[in-house]
Amino acid sequence: MASTQNLKEATGNHSSWESLLPDFPKGPLCKYRKKASFNWKEMAVLLDGKDIIQLKNRIFSALESDPLFVHHPGEELSREKYQELTFLRCKRLFEYDFLTQQEIIENPLKIFHMVLCIGMYDWSPCIQYLLHFLNCASYLLEFIINTPDFEAAKFWIGNMGKHATHAVVYAQLYTPDGQYQGLHSFLVQIRDIKTLLPIPGVVVGDIGKKIGQNGLDNGFAMFHNVRIPKENILNIAGDVTAEGKYSSSVKDVKERFSAALGSLSSGRTVITAVSMTNLKLALSIAIRFSAVRCQFGPTDDEEIPVLEYQTQQWRLLPYLAATYALDYFCKSLFENLTEFYLGLLTKQRSQRQADIGREIHALCAASKPLTSWTAQQAAQECREACGGHGYLAMNRLGEIRNDNDPNCTYEGDNNVLLQQTSNYLMSWMHCIRDKVPFESPFGTINVLQDYHHILDWKFTAMSVEDCMDSSVPLAAYKWLVCYLLRESDLKLSKEKQSGRSDFEAKNNCQVYYCRSLAIAFIEQTVLQRYHDYTHDPDIPSTLQPVLKNLSALYGLWSLSKHLAVLYQGGYASGEQAGRFIQNAILELCYRLKDDAVALVDVFAPPDFILNSPIGKANGELYKNIWGEVLQGSKTLNRPSWWTEFCINRPVAGRLKSKL
Ligand SMILES: CCCCCCC/C=C/C(=O)SCCNC(=O)CCNC(=O)[C@H](O)C(C)(C)COP(=O)(O)OP(=O)(O)OC[C@H]1O[C@@H](n2cnc3c(N)ncnc32)[C@H](O)[C@@H]1OP(=O)(O)O
Ligand SMILES: Cc1cc2nc3c(=O)[nH]c(=O)nc-3n(C[C@H](O)[C@H](O)[C@H](O)COP(=O)(O)OP(=O)(O)OC[C@H]3O[C@@H](n4cnc5c(N)ncnc54)[C@H](O)[C@@H]3O)c2cc1C
């Protein structure tokens, strides 16, 4: 549903947008900006609302005016220096304290925007800040902590490498009676606050250079009989009395396990949004570049922007559509998460609260893989779409790609997480088989209520034009989810019937079955939400056509990756179905290419934050690159080792074996 407040603001007094969203500088991008079918400011107000735009402006301009956040073009920072700078920036973020508690209570979505704005500048200080922020905020809370062996050491922990003084440690709890009570979390001091030296019994250090995010210090820790006060158990699911007796309001060990892991859903939701933000950064750069970079043309004396090439459109514009669909999904997921947390804070123990916990877990365990992989592929595509300039570090696509990469791994490896979502979906099979009515709090599995009926559906579009609305891929997705659920369930039964253990059977059902099911389910959910939003009759008529095109393109492009299964399962047949889908994708890319620059103008951060000469809003590609190249302190210098070239010349064959 479109936010009523944003709708009012988007259709309200246009003059008030001007101060919030200044015009872009004149330059080569104006050609495309003039061709756009909609007003980018109206779109920005519709999507975010004035309050959020003000918050973003506040954060962006604070960072731009602060000398600590100045960029260092042409300078190679050592890892040590980068870590120091990251820490200073992290401290400064605490000093800014961009949001008051009251603001957060009134609109929790502001935290989400604050994090993403800082991340657009650099993920290292952002994640460092977030980890401190969450650890301080979420836990207000005699135990002895031990690491039995090297394999059990804590490894990879953010902020632990150099400076964290306390850690939230997940550990197996054994009470004095020898009883095992399951996984619990504890607050453990690891370094002295005054000296930053390790606490006795703690071995703590830095794990070394990573592929990206090197401002952030990731560390390891091992504990040898480290005593912590009893109050330091983070009693989410259970507590221990002074006499050493365990008590928990959650009696079932399994339920306690999921309660202890419940907090992981917030991390996975944030990572979904972090990845979506990387899509925004990469596409802002690649689309602006493509709109001004001219190569070849229909005649010898006319060169055209590379964005005019069908291939370039097809490589980039589906990712642009994905960015819009995923942006909307992230906000809706964050709202779902807020409802879950409100329930936790108010100690709800209702069935609905438990169901929300399971649903949100299933959603973010698949949305993190979907979004992080989409951003990973997009970053690479954008890098290549900018040709050689995409490979120049100053243009930032390499940094975006490398900093996005761990989103596929941390807070749960993507492939492992997808199993959590498919387990959840499979758990509804007994209701489907027994024809017992069911629904989920956020309605994402309600599509399965019509499972038997949907399995009979067929692809019915009769022309390319028929396929130009997202209702077509959405129907196909509903069938796909039901089909993959049926096939996964059948495969699991067969595996078990052939005598395999539960572990083996499940393991043999992943590829082409459960894994595809989880991916299809989350794509269908994202599309369903975006389809509903873009088709809302309250969306201004000036914006609806372009939004509907984005929705259709996202749906068809995502669906096209499942064409083989659509044919395999009999949903589609004959040559036409596939051809219609392909042609509709190309037609939508063509229709969207004149809107593409305005569509990135809606979400691109200011030039200072985007920090990419080829992605600047003025589109002065060559001036911007030269400006940056010439700022390098050593650009025109003779190398310090010039004598090795000019004086100490090699004597050819001097070291050749004489034997
Ligand atoms: C700016 C962005 C932030 C960047 C942060 C960077 C810092 C990074 C930090 C980290 O990486 S912290 C480490 C994170 N580690 C993980 O995420 C571990 C990942 N592994 C898993 O989550 C595993 O899948 C698992 C859950 C441990 C699997 O364990 P297992 O196979 O033993 O359990 P299951 O039988 O699958 O599950 C049991 C039961 O529990 C339910 N459940 C599991 N997780 C959750 C959850 N998060 N919320 C709610 N419920 C959960 C699961 O569904 C099962 O329930 P039933 O199906 O039996 O009802
Ligand atoms: C940059 C970064 C920061 C991190 N920060 C933190 C932090 O602050 N705190 C923290 O606690 N952790 C942190 N981590 C660790 C992170 O949570 C783990 O790396 C992640 O959960 C994956 O676990 P793993 O490394 O043990 O992978 P493994 O489990 O060893 O996985 C290796 C491979 O095996 C596959 N695999 C594993 N199990 C299965 C299975 N059942 N079925 C099929 N395939 C399987 C996986 O898909 C993967 O490809 C961080 C990691 C990174 C990269």
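Residues are numbered from 1 along each chain as its sequence is written, while chains are lettered from A and ligands numbered from 1 in the order in which they are written. Because the model is predicted, local features need pLDDT of at least 70 and side-chain atom pairs count only at pLDDT 80 or more, whereas totals for chains, interfaces and linings use all residues.

An unreviewed UniProt entry places the feature "binding site" at G158; UniProt positions follow the numbering used here, feature names are shortened, and annotations may be inferred rather than shown by experiment. G158 lies in strand β2 (residues 154–158). Strands (E, at least two residues) and helices (H or I, at least four) are DSSP runs, numbered from the N terminus. Leaving aside residues up to four places away in sequence, G158 touches I127, L131, L216 and N218, contact being defined by C-beta atoms within 7 Å.

The unreviewed entry in UniProt also assigns "domain: Acyl-CoA oxidase C-alpha1" to residues 262–426. This span is 76% helix and 6% strand, with its end C-alpha atoms 20 Å apart. For residues 471–646, the annotation is "domain: Acyl-CoA oxidase C-terminal" (unreviewed entry). Here the chain is 72% helix and 0% strand, and the end C-alpha atoms lie 69 Å apart.

Two packed helices are described by the angle between their axes and the distance between the axes. Axes are lines fitted to C-alpha atoms, for helices over the stretch in contact, and angles run from 0 to 180 degrees between N-to-C directions. Helix α13 (residues 351–385) packs against helix α21 (residues 510–534) at about 90 degrees, the axes being 9 Å apart. The two helices, α13 and α21, are therefore roughly perpendicular (65 to 115 degrees; under 35 is roughly parallel, over 145 roughly antiparallel, and the rest oblique). In α13, L363, A366, S367 and L370 meet A518, I519, F521, I522, E523 and T525 of α21.

The axes of helix α19 (residues 471–497) and helix α22 (residues 544–560) come within 8 Å and cross at roughly 40 degrees, which makes α19 oblique to α22. P473, L474, A476 and Y477 in α19 meet G555, L556 and L559 in α22.

Key: Two residues are in contact if their C-beta atoms, placed from the backbone, lie within 7 Å.
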